[in-house]
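Take a look at the model below.

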Amino acid sequence: MVFLTFTEEKLGQAEKTELDAHLENLLSKAECTKLWTEKIMKQTEVLLQPNPNARIEEFVYEKLDRKAPSRMNNPELLGQYMIDAGNEFGPGTAYGNALIKCGETQKRIGTADRELIQTSAINFLTPLRNFIEGDYKTITKERKLLQNKRLDLDAAKTRLKKAKVAEARAASEQEVRITQSEFDRQAEITRLLLEGISSTHAHHLRCLNDFVEAQMTYYAQCYQYMLDLQKQLGSFPSTFLSNNNQSSSTPVQSVSTPSVLASASASLTSVSNSIVTSGISELKSSSGSRKARVLYDYDAANSSELSLLADEVITVYSIPGMDSDWLMGERGNQKGKVPITYLELLN
């Protein structure tokens with residue numbers, strides 16, 4: 001009977017009881033909330049775990065109520081490769097030492113990444129999933145019941161219209177009163193559930209704030225880790241930093257999230273470069289000598305050059321006709337050309 005009534009309504013052969021405007025608006029709001037909650041939830045999962053195979057694996061283990069095996073994430077894997085490479089090249093070399101430091105920082109970023117995923121899953125994704133799999137399923141169930149009650153009411157109204165005999169008409173009127181009462185009661189139940197969507201929005205807003213806070217913590221940690229790494233590495237030789245299309249005097253700017261800190265970092269780098277360039281220019285124009293600290297290990301390419309060890313202090317001076325990128329260095333009885341990019345002039 002319900003299917004027949006539904007078919008007749010579609011064909012315009014039966015009366016259709018319309019829902020009131022308020023209830024229709026609530027239904028529309030619920031559908032909209034469900035649609036966008038699903039999209040936001042799925043895209044957040046993609047953001048936190050870009051690997052689709054890993055997401056499928058986590059989903060399967062979750063359904064089996066088992067813990068997924070722990071694996072290195074991308075920053076941790078990169079960090080481990082860097083550390084292994086650094087040890088292979090030699091921790092005492094400039095490149096090997098830098099690789100190890102970068103690898104350790106990447107591993108710290110990997111740990112922060114795990115914390116972001118865990119916090120976001122608990123405070124943001126889980127509440128959204130609970131709404132889709134819990135509250136909205138209940139709303140859908142009650143909405144289907146409302147639809148059935150409406151069809152029952154419409155069928156009763158159709159029978160009342162067709163009733164010719166007084167006795168049949170009285171029975172039909174009684175049926176309409178009963179089905180109308182059941183429809184109204186179900187409409188009220190559905191309305192109360194749908195009005196809870198406003199509370200759902202308020203709850204999801206709090207969850208969104210938690211997600212933003214988790215992201216803020218993560219990016220602040222990453223920024224601090226990279227800032228510390230930059231300080232550890234010091235100023236790389238310009239021959240390493242410059243591209244083929246750039247001059248060696250062009251400073252490499254690091255990009256950071258806070259614009260004020262980025263501006264300050266760039267200013268400090270510029271001032272530091274100016275001081276170093278000024279000191280070397282003064283040394284080259286005079287006949288005196290200066291003490292200099294070696295920034296990185298350097299292996300002499302021939303007998304005219306002097307091999308260097310990081311952190312040792314040597315005496316440097318300039319001689320007429322020497323290339324602008326080199327100074328003469330002395331360590332005890334040893335002397336030879338040294339690259340200026342490997343030195344920090346001391347006062």
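This is a predicted model: local features need pLDDT of at least 70, side-chain atom pairs count only at pLDDT 80 or more; totals for chains, interfaces and linings use all residues.

The expected span of a helix is 1.5 Å times one less than its number of residues. H7 runs over residues 197–233 and has 37 residues. From its first C-alpha to its last it reaches 53 Å, close to the expected 54 Å.

Which residues of H7 are buried? They are Ile 197, Thr 200, His 204, Cys 207, Phe 211, Ala 214, Gln 215, Tyr 218, Cys 222, Tyr 223, Leu 229 and Leu 233. After H7 comes Gly 234. The phi of Gly 234 is positive, near 70°.

Now pick out Leu 208, also found in H7. Its relative accessible area is 38%. Buried means under 20% and exposed means over 50%, so Leu 208 counts as partly exposed. Along the chain, Leu 208 and Phe 124 are 84 residues apart. Their C-alpha atoms are separated by 6.4 Å.

Rolling a probe the size of a water molecule over the atoms shows where empty space is left. The structure holds one cavity of 30 Å³ or more. The volume of the largest cavity is about 30 Å³.

What lines the largest cavity? Its lining is made of Leu 27, Ala 30, Glu 31, Tyr 136, Ile 139, Thr 140 and Arg 143. Helix H2 (21–48) and helix H5 (94–162) each supply at least two of the lining residues. H5 gives the largest share, four residues. By type, the lining divides into four nonpolar, one polar and two charged residues.

Key
Residues are numbered from 1 along each chain as its sequence is written. Side-chain values use heavy atoms; hydrogens and water are left out. Buried means under 20% relative accessible area, exposed over 50%, partly exposed in between (1.4 Å probe, protein chains only). On a 1 Å grid over the protein atoms alone, a cavity is a set of points where a 1.4 Å probe fits but cannot get out, and a pocket is an open set with protein on both sides within 12 Å along at least five of seven lines; lining residues have an atom within 4 Å of a point. Grid points are joined across faces, edges and corners, and a volume is the space filled by probe spheres set on the points. Ala, Val, Leu, Ile, Met, Phe, Trp, Tyr, Cys and Pro count as nonpolar, Asp, Glu, Lys and Arg as charged, and the others, Gly among them, as polar.
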